[in-house]
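Here are my notes on the model, as numbered points. Please read them with the structure open.

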Amino acid sequence: MTRISLILILIPFLAFSQSGLNKETSPGLEKIDAYLQRSSQLVNKNLDSAMYYAEQANSLIENIASDSARVEVYKNLGDVHVARGNVSLSLSYYLKAKKIIDDKLATEPRNLSFYLLQFDILNKIGTVHFFRKNYKQSLDYFNNALDILEKVAAISKNTDPKLRFKVLNNIAAIHIQEQQYEKALDYFRTALQSGIQGRNDNYESSMYNNMGICYMELHDFSMADHYIRRSMAIREQNNDMRGVAQCLNNLGKNYVYNGNFTDARDNFQKALSLGEKIGNRESMLISLESLSSIYDTLGESKKAYRIFRQYKALSDSLFNIESVNKIAQLEMQYEFDKQQQLFDLELKRRATESEKAELVYIIIGGSLFFLLLTAILLIFLQKSKIHNALLKQDKLELQNKKTLLEKEKLQEDLEFKNRELTTNVMYLLKKNELITGITEKLIVLRADSKSENQKIIQEIINELKSTQDRDVWSEFEAHFTQVHLGFYERLNKLYPDLSSNERKLCAFLRLNMSTKDISAITYQSVNSITVARSRLRKKLNIQGEEVNLINFLINV
């Protein structure tokens, strides 16, 4: 049987007054502290003595109202029972300690000391499952311990490298049991990178022993011998007799694999003597069984038989002790299962309450966020409305200004064109006056001319009058239409019965021309124009003198 070293005890025992759970001191606590330190010092030297001091400490905690003291006592009892091979009892004590620590972490979730204690307990429980060959559960606890280290690193930048080394070594031990030796060596190499060499002899010796086992199973006997001897040298220096006996048994097995039965026998005998000296029955069983097989191989049948009888007697005694313990363990297991169920229910209740509290916080936070977002949106929308209203107002003002400018420009254009049209009319008037003057002179000249010339002069007079009427009106109408677009259309639509001369009169009046000016353009007498205006008022249905004809036509 190959002996694998798991790192169970984190460091030489720390008294509860240093644990971080409590700092109180009293005569009772000091006495418990002394018992626990003594038990921890003896756990690798004399298990019976270690158990005695552990029980003494346990007998005192009933009268001590200190959770920290209970945690340290339960941890120590678990450690001693593991060393004695009673893993079921050790598990019950570890779980009691774990419950206390979990309760403390529930109230102080960022306390570094609590996380370090939780890490230690998880590693110890994983070790117990390892000894019970529950490798999957063991690996789960070790991985949980690594997760705790991540939380520790988040709280404290200076994480002790021994902690990570410890878990990696134990995970590698699981792979050894599953005969995955190369994978186990990978974990050991990763553990070595933590820089543990020379800083903790217990860890270093345990790792070298396990590496030796891996090389032995891979039939690299030279490397196996090298690492097992390195482990044994450290343990001898630290007076770790249990560890030395373990290394001697492993060296013996390595020699058996090598075919060197004589050296194998010598190492098994040394391991047996050491096991008897320290009272480690499990180590003695391995040594006796191996020696019996060696003597039989060497042909020493009597010695083989004698050693086998010793092995059988010790095995039977252990079996009887284990049978008695088994009954007690079953009773304790029943109580433990009940406590575990209550513990699990309490955890579920706390988890539910925590989830409800988180949900309330999320709802409150979400509501506040929604209200804040709504307020921001309302403010933004209000600002946008104000901004848009200002922009709209500015736009309307600009449009009004533009419209006003356009209207002013149109008015100016209209006035300019009216002035231009008036100028043109005046020009026509002057032109007509000129033609009229020429005509009158030709009439006088005709009377004094010869008869043959009188006919020619008359024709010229007639032509001038004809040209005068046609040109004057054509030019006037062309200019008027350009200035007053649609005037004739609106006039014809409203008053379709107007004659051509009446429409011409409307156009003259639209230009605010006087009766005299109209008379000069049309060659009609002032009286005729006055009569025509009166007749036009009737056709336009203008009643009473208070309505000005010119203003009426301007609004058409």
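1. Does D316 count as buried, partly exposed or exposed? D316 counts as partly exposed, because its relative accessibility is 34%. Buried means under 20% relative accessible area, exposed over 50%, and partly exposed in between (1.4 Å probe, protein chains only).

2. This is a predicted model, in which local features need pLDDT of at least 70 and side-chain atom pairs count only at pLDDT 80 or more, while totals for chains, interfaces and linings use all residues. Residues are numbered from 1 along each chain as its sequence is written, and side-chain values use heavy atoms, with hydrogens and water left out.

3. D316 forms a salt bridge with K312, with the closest N and O atoms 3.0 Å apart. A salt bridge is a side-chain nitrogen of Lys or Arg within 4 Å of a carboxyl oxygen of Asp or Glu. The two residues are 4 residues apart in helix 14, so about one helical turn separates D316 and K312. Helices are DSSP runs (H or I, at least four residues), numbered from the N terminus. K312 is also partly exposed, at 39% relative accessibility.

4. D102 and K98 are likewise 4 residues apart, in helix 4 (residues 87-107). Their salt bridge has its closest N and O atoms 2.8 Å apart. D102 counts as buried at 12% relative accessibility, and K98 counts as buried at 16%.

5. D79 and K124 form a salt bridge (2.9 Å, N to O). D79 lies in helix 3 (residues 67-83) and K124 in helix 5 (residues 112-131), so the pair ties together parts that are 45 residues apart in sequence. Both D79 and K124 are buried.
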